[in-house]
Amino acid sequence: MIEAIRDAMDVSMARDERVIVYGEDVGFFGGVFRCTQGLQAKYGKNRCFDAPISESGIVGSAIGMAAYGLKPCVEVQFADYVYPAYDQIVSEAARLRYRSNGDFTCPIVVRMPTGGGIFGGQTHSQSPEALFTHVSGLKTVVPSNPHDAKGLLIAAIEDPDPVIFLEPKRLYNGPFDGHPDRPAQPWTAHPKSEVPDGHYRVPLGAAAVVREGSAVSVLVYGTMVHVALAAADEAGIDAEIIDLRSLLPLDIDTIVDSVKKTGRVVIAHEATRTCGFGAELAALVQEHCFYHLEAPIERVTGWDTPYPHAQEWAYFPGPDRIGAAFKRAMEA
């Protein structure tokens, strides 16, 4: 996935000289996860460069550049570090088109590694996607595999409005089924590791049905896609698993079609439970599919605590917890 994300920026920079990439350690060092490695050498220090340790400065300058016609793709080193820039994202980037009556747009992408599973503790493991989906004017994307990561990032860079691009760090080097005691799996054996050369787009706002089924609809994104697949296999449940890919815009039609077929819903995400994006999904399913539901909607999430280091796997919504939710939904 690291290579796919880097390739998306490379393709975009080659196609459009307005695209620039910067952030903390992004230039010479190639980023803390090496997602920008080699871009400065290829495109020069004017188009890929290091920024000071100031998230508000990174995003604030990107907004100004975008208003003057550039297309910044900036990196916040961890999603946990975005809060100093939250005012710029919410009050400036998200509002620029509206407040200028369309005279200005803000075509920026803010890339951020998100989620846990790497023993990063409370300040390197957060999943703040719901903080952005709440804001009018922002688009929020969470890929689950290399193929989608490249296509979604190219689509985000080419979008005329600000996009929050959250990269599940546990998936950078391979899919993760939620079993930390098993050997790590590389992407090479996964079908979605095949990434086409050159330019292609995965449209924002289009979900993917990654496993068809008739017993229960499972709404997931990012790392939870792979955990849900493992849970369905281990529980022996004929689950239909939907990778949302884009949280806003949201592909509500794919969700509704699935729920009308199954009548049952399990939602899983790594973020804390209260006011997590799963709550919005549950409300939308209830609104659109009330008369098709055969059981209460189940949510499997992180707990309402800071992300712990020592008890990481008690916090992480693993296959056992998702499998238990399948059982509750089926028996209700």
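Which residues of H9 are buried? In this predicted model, the buried residues of H9 are Thr254, Ile255, Val256, Ser258, Val259 and Thr262. Helix H9 spans residues 252-262, and its buried residues pack against S7, S8, S9 and S11 as well as against helix H10, which comprises residues 277-289. Directly after H9, glycine 263 adopts a positive phi of about 80 degrees. The peptide bond joining leucine 248 and proline 249 is cis, with omega about 0 degrees.

With neighbours within four places in sequence left aside, glutamate 240 is in contact with Val209, Arg211, Glu212, Gly213, Val216, Ser217, Val218, Ser258 and Lys261. The relative accessible area of glutamate 240 is 4%, under the 20% limit, and this residue is therefore classed as buried.

Strand S9 (239-243) is likewise among the elements against which the buried residues of helix H12 pack. The others are strand S8 (216-220), helix H8 (223-235), strand S11 (265-272) and strand S12 (298-302). Helix H12 covers residues 319-331 and has 13 residues. From its first C-alpha to its last, H12 reaches 18 Å, close to the 18 Å expected at 1.5 Å a residue. Buried positions in H12 are Pro319, Ile322, Gly323, Ala325, Phe326 and Ala329. Viewed down the axis of H12, these buried residues fall within an arc of 155 degrees, so they line one face of the helix. An α-helix has 3.6 residues a turn, so residues three or four places apart point the same way. The face of H12 turned away from the buried side carries Asp320, Lys327 and Glu331, which are exposed.

Helix H7 was examined next. H7 has 13 residues, and its span from first C-alpha to last is 18 Å, close to the 18 Å expected at 1.5 Å a residue. H7 is mostly covered, with 11 of its 13 residues buried. These buried residues are Pro146, Asp148, Ala149, Lys150, Gly151, Leu152, Leu153, Ile154, Ala155, Ala156 and Ile157; the charged residues Asp148 and Lys150 are thus among them.

The axes of helix H1 (residues 2-15) and helix H7 (residues 146-158) come within 8 Å and cross at roughly 35 degrees. This crossing of H1 and H7 is right-handed. On the H1 side, the contact is made by Ala4, Ile5, Asp7, Ala8, Met9, Val11, Ser12 and Arg15. On the H7 side, the contributing residues are Pro146, Ala149, Lys150, Leu153, Ile154, Ile157 and Glu158. By residue class, the contact of H1 with H7 divides into 10 nonpolar, 1 polar and 4 charged residues.

Serine 12, located in helix H1, is one of the residues of this contact. Not counting residues up to four places away in sequence, serine 12 touches Val19, Ile154 and Ile157. Serine 12 has a relative accessibility of 4% and therefore counts as buried. Valine 11, another H1 residue of the contact with H7, has its C-alpha atom 9.1 Å from that of aspartate 197, although the two residues are 186 residues apart along the chain. Aspartate 197 is situated in the loop between strand S6 (163-168) and strand S7 (208-211). The relative accessibility of aspartate 197 is 74%, so this residue counts as exposed.

Backbone geometry was also considered in two further loops. Most residues other than glycine have a negative phi, and most peptide bonds are trans. Aspartate 25, in the loop between strand S1 (19-23) and helix H2 (39-43), has a positive phi near 65 degrees. Aspartate 25 is partly exposed, with a relative accessible area of 39%. Asparagine 101 lies in the loop between helix H5 (96-99) and strand S4 (109-114). Although asparagine 101 is not a glycine, its phi is positive, at about 55 degrees. At 72% relative accessibility, asparagine 101 counts as exposed.

Notes:
Residues are numbered from 1 along each chain as its sequence is written. This is a predicted model: local features need pLDDT of at least 70, side-chain atom pairs count only at pLDDT 80 or more; totals for chains, interfaces and linings use all residues. Side-chain values use heavy atoms; hydrogens and water are left out. Helices (H or I, at least four residues) and strands (E, at least two) are DSSP runs, numbered from the N terminus. The expected span of a helix is 1.5 Å times one less than its number of residues. Buried means under 20% relative accessible area, exposed over 50%, partly exposed in between (1.4 Å probe, protein chains only). The arc is that of the directions from the helix axis to the C-beta atoms. Contact means heavy atoms within 4.5 Å. Axes are lines fitted to C-alpha atoms, for helices over the stretch in contact, and angles run from 0 to 180 degrees between N-to-C directions. A crossing is left-handed if the near helix is turned anticlockwise from the far one by less than a right angle, and right-handed if clockwise.
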